[in-house]
Amino acid sequence: MSAPSRRAASAIVFGAALAGFLAPAAAQATPAPVHPARAVVAAADRQPRWTSATMPVAAGVVFDTVQLDAHTTWAYGVELNTTVGPLLMTRNDQDGRGWTQLPTDALGEKDRINSVSVLSPNDAWLVGDYSATAGGIVTAHWDGAAMTTVDAPIPAAVMDAGFLSVSARASGDVWATGWVEILDSSEPDPNKPGGVIQVTHNEALVEHWDGHAWRRATVPDEREMVLQSVLAFSPTNVWAAGYTGEDQPALLHFDGRAWSAPVPAPYAGLYGEVQSLAANGPDDIWAVGRAVLDEDEWGHALVTHWDGHRWQQVATPADAGRLSDVATVPGGIAVTGSTVDQLDGYATRLVNNHWQSLGIPVDGTTHLMVNGVSWSGGRLTVTGDSESDASPFQQPLVLTGQL
């Protein structure tokens, strides 16, 4: 129920650090001039006044939120009770009821909702993980009244798979990206009676909904690659991002005919990944993730920008840890991530070439881990989970604030 193992946990995967690949050092990138020396915490009066919402479930992780219409917001992720299950909640800012849970029976019992893309209140796509019972990756379409599940095809001998991102451009033009783990061989374990030794490999998974069915697309150099985010601008302009088998951040482009080979995202470090994409338009795209500078750290913030001609690294504060999500806001971007020691989440924004803390409230007794960030109607929403010694469960977290 998670993305494939790698050197450290992806932001979308809840639960502990994972092991993965080692790779040679990447070429040094030249950061864009964002004045890192002046990337300081903003004054208190520039920070939002955060409000923590009451959640209808006791245990879970909220990955992100999306705006269904002018008044309706969805929050999605995973519920953590005795078993793992999909979590979908809704809030209408006109009815005063706050957040309520929506039924997800159609999505299966052991699944997550990893990503949602909304075209209109009557046209939205939800994507999750592989289901052996369904025989494919579970996706669901919302028509304004009900959800209809549509299983996406996967290769033979699959061990695990999932879509981590979905981007709908039109009803018959939807892209989803993720990964698939494929079994190469299986033989008895001579050192463990009844045990088996399995050899597997991972592949990038890119599929397209054409209005009738999900169809897998061919991706060059797909072996061991994981694609964590996708953005569709037109039938001839789609971007996807993630990391390669060498644990290097990767960006791919679809021109209407074929997907390009992965292009390394500009960054300085040993290893890295692109976790999330956001854009104001096809010539103003932001990619965020993680750059690992040495073998003894969890990683630092990675930000790159596409101006229509090239990707260029953007300088970040030296103490900023890995980033999990990005949203465009007036004058720049807002990002969420984990501190370099992985003990807490943080949120910050880049406005007019200056980084400004968004002041996520941390009291020292409750650890807040933040995954998603979204912007709508002058309101910033940060999502994730909170953990404390007083509770054995991760509690779903939704914070809202006015910028």
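The protein chain of this predicted model exposes about 17,000 Å². Carbon and sulfur atoms supply 51% of that area. Accessible areas were computed by the Shrake-Rupley method with a 1.4 Å probe, and for residues only the protein chains shown count as cover. Buried residues, those under 20% relative accessible area, make up 56% of the 403 residues. Exposed denotes over 50%, and partly exposed the range in between (1.4 Å probe, protein chains only).

Residues are numbered from 1 along each chain as its sequence is written, and side-chain values use heavy atoms, with hydrogens and water left out. Local features need pLDDT of at least 70 and side-chain atom pairs count only at pLDDT 80 or more, whereas totals for chains, interfaces and linings use all residues.

The secondary structure comprises zero helices and 28 strands. Both are DSSP runs numbered from the N terminus: helices are H or I of at least four residues, strands are E of at least two. Contacts, defined by heavy atoms within 4.5 Å, were examined between residues at least 6 apart in sequence. Of these, 49% join residues at least 24 apart.

Eleven aromatic pairs are present. Rings of Phe, Tyr and Trp (its six-membered ring) pair if their centres lie within 6.5 Å; planes under 30 degrees apart count as stacked, over 60 as edge-to-face and the rest as tilted. The ring centres of Trp 175 and Phe 254 are 4.9 Å apart and the planes stand at 55 degrees, so this pair is tilted. It links distant parts of the chain. Trp 175 belongs to strand β11 (residues 173–188) and Phe 254 to strand β16 (residues 249–254), 79 residues apart. Both residues are buried.

A tilted pair is also formed by Trp 209 and Trp 214, with 5.9 Å centre to centre and 55 degrees between the planes. Trp 209 counts as buried at 10% relative accessibility. Trp 214 is buried at 5%.

Trp 142 lies in strand β8 (residues 136–142). Its relative accessible area is 15%, so Trp 142 is buried. Trp 142 and Val 118 are 24 residues apart in sequence, and their C-alpha atoms are 9.1 Å apart in space. Residues up to four places away in sequence aside, Trp 142 touches Leu 68, Trp 74, Pro 121, Asn 122, Asp 123, Ala 124, Leu 126 and Met 147.

Ala 291 and Leu 302 sit on two strands. Ala 291 is in β19 (residues 284–292), and Leu 302 is in β20 (residues 300–306). Eleven residues separate them along the chain, and their C-alpha atoms are 5.6 Å apart. Ala 291 is buried, with a relative accessible area of 4%. Leu 302 is buried at 2% relative accessibility. Not counting residues up to four places away, the contacts of Ala 291 include Tyr 267, Ala 268, Tyr 271, Gly 272 and Leu 302.

Most residues other than glycine have a negative phi. Ala 157 has a positive phi of about 60 degrees although it is not a glycine. This residue is found in the loop between β9 (147–152) and β10 (158–170). Ala 157 is partly exposed, with a relative accessible area of 42%. Asn 353 likewise has a positive phi, near 70 degrees. Asn 353 is in the loop between β24 (345–351) and β25 (354–357). Its relative accessible area is 39%, so Asn 353 is partly exposed.

The largest pocket holds about 1,100 Å³ of space. On a 1 Å grid over the protein atoms alone, a pocket is an open set of points where a 1.4 Å probe fits, with protein on both sides within 12 Å along at least five of seven lines; lining residues have an atom within 4 Å of a point. Grid points are joined across faces, edges and corners, and the volume is the space filled by probe spheres set on the points. The largest pocket is lined by 43 residues. Asp 64, Thr 65, Val 66, Val 116 and Leu 277 lie nearest its centre. The lining divides into 21 nonpolar, 19 polar and three charged residues. Here Ala, Val, Leu, Ile, Met, Phe, Trp, Tyr, Cys and Pro count as nonpolar, Asp, Glu, Lys and Arg as charged, and the others, Gly among them, as polar.
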